[in-house]
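Welcome! Here is a short tour for anyone meeting this structure for the first time. Take a look at it, then read on.

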Amino acid sequence: MKHDTIVILDYGSQYSQLIARRVREANVYSQLVSWRTPAAEVMALQPNGFILSGGPNSVYDDHAPTLPDYVLGSGLPVLGICYGMQLLAYKLGGRVAGSQRREYGPATLLVDVPENPIFTGWRLESGDDREFQQVWMSHGDKVEVLPPGFLPLAHTPNSLYAAAADMKRQYYAVQFHPEVVHTPQGSRLLHNFVRDVCGCADNWTPANFIEEQVAAIREQVGNGRVVLGLSGGVDSAVAGALIHRAIGDQLTCIFVDHGMLRQGEALQVIETFEREQGMKLVAVNAVEEYLEALDGVTDPEVKRRIIGEKFIRIFEREANKLGQIDFLAQGTIYPDVIESAGKDKKEAHVIKTHHNVGGLPDDMDFELVEPLKLLFKDEVRRLGAELGLPDSLVWRQPFPGPGLAIRCLGEITWERLERLRLADAIFVEELRRADMLKSGTQQSFAVLLPVKSVGVMGDGRTYQEVVALRSVTTEDFMTADWARLPYDLLAHVSRRIVNEVAGVNRVVFDITSKPPGTIEWE
């Protein structure tokens, strides 16, 4: 199948995949590749244009990422974002320098040339004698002198050239980040670039993705047999449905109950996939194995790596019982890869390791099948609906692969897991009753803290553990804001947890956004 394509050169920004997501929202296919990727491989994609991502480097750093010659040599439109703008300017003869006043966070963009194609359709607000919009900045360096042929389009109080363009060569550059939600009109700018400047058609849809992935899975797998690590979450569920559509009974799902699932989840997974979806399912009770392996472990990264390796070893053991198995399928998605700074993202900074990305042992026996690794959570949900999965699966709130192990801070014991499981179930139940589980929040859960506090219950002193409630709203899970839950709801949840969960005498509510925090505590 032929579709128009935008190639995004990745320079290590934590937001690189967000650019791809915004382009796809315009129903245009985009593919993110490392700037190191050979020219022949990139040009084989037959791109209609290029976007250069941001990144943590300065163009003057030793061994700084560079702009490949094939980009400008292609004669195609180019959009540089943040570091991409600086790199484009530097390559074409402009001057980049460190800013005396760095910009991190919201900034007011003053649009000097609103009739420019990339600003078409911006809902501009009048302020003083200029047109302005909020944008999101994250940079230390900035362009001080534009290259020959470039004209300024917009500025902020701290960046004289916040946007610029060479209309003749169709080169555009912005210092701000249009891909993040904190630039309200950023999606419009990217839409304008890919649809109007690059001339791409809107021929990229979930149905097209399914068709292409089915073909790709069949090509990769051939006559081989695949096992899928089924957790019951939306990612592995959609991955399973997609792979099952491609290869049918060549797929066997293996569900490992490690004892760190949410309340009632193990039984629900078996009911849904084996009986309702008709997939081959092997259920493994590995609770004792995991608890023994995690005994005394408190470091979150060590927890993740232990769980990742145990996950693979159990799969290898169960796969051996099934006969010849060639592939391991996983529901890895874009945010997993971003935050783990996958092996092909040398410029990215590791935030935390995901068990199904960075926790895999080097000597595993399987080749990976990861059909969702180019998708964000909202894209996965749309894909699940297109595949006909029930809403109960498609809209299930995200749950990390290591499960409650990374929400049970400190030492993991069965008693503490049960304590956390019940507190979490109470919180989720009350959110559901308030009709806030699907539309009001995108992820909500309880965390058991490794601290105790003094309390009083029944006129007696208590010294028991603390539960933190975490609830966020987010569009893409790359950034998130804490959910403004009603005080009465929080009070009711707190009372229930303290009264019904043995060993807990205090409940707190996390009001940290992402960034600076992450959604999970570990």
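## A pair of strands and their sheet

Strand β11 (residues 226-229) pairs with strand β12 (residues 251-257) in the parallel sense, over four bridges. Within this pair, Val226 stands opposite Leu251 in β12. Keep in mind that this is a predicted model.

Both strands belong to an open sheet of five strands, in the order β13-β12-β11-β14-β15, with parallel pairing. At the edges sit β13 (280-285) and β15 (367-369), each of which pairs on one side only. From one strand to the next, the twist averages 30 degrees.

## Helices on the sheet

Which strands does helix α6 lie across? Helix α6 (residues 206-221) lies across β11, β14 (327-329) and β15, and it runs at about 165 degrees to β15. Helix α10 (residues 300-322) also packs on the sheet, where it touches β11, β12, β13 and β14. The direction of α10 makes about 135 degrees with that of β12.

## Checking a helix length

Helix α14 (residues 414-433) has 20 residues, so at 1.5 Å a residue it should span 28 Å. Its end C-alpha atoms are 28 Å apart, which agrees. After α14 comes Asp435, whose phi is positive, near 60 degrees.

## Cysteines without partners

How many disulfides are there? With a cut-off of 2.5 Å between cysteine sulfur atoms, the count comes to zero. For Cys82, the closest cysteine sulfur is in Cys198, 20 Å away, and that is too far for a bond. Cys200 is in no disulfide either: the nearest cysteine sulfur, that of Cys198, is 5.3 Å away.

Are these residues buried or exposed? Cys82 counts as buried because its relative accessibility is 3%, and Cys200, at 4%, counts as buried too.

How values were computed
Residues numbered from 1 in each chain as written. Predicted model: local features only at pLDDT ≥ 70, side-chain atom pairs only at ≥ 80, totals over all residues. Heavy atoms only, no water. Pairing = 2+ DSSP bridges. Helix = DSSP H or I, 4+ residues; strand = E, 2+ residues; numbered from the N terminus. Axes fitted to C-alpha atoms, helices over the stretch in contact; angles between N-to-C directions. Contact = heavy atoms within 4.5 Å. Expected span 1.5 Å × (residues − 1). Buried < 20%, exposed > 50% of the residue type's maximum accessible area, 1.4 Å probe, protein only.
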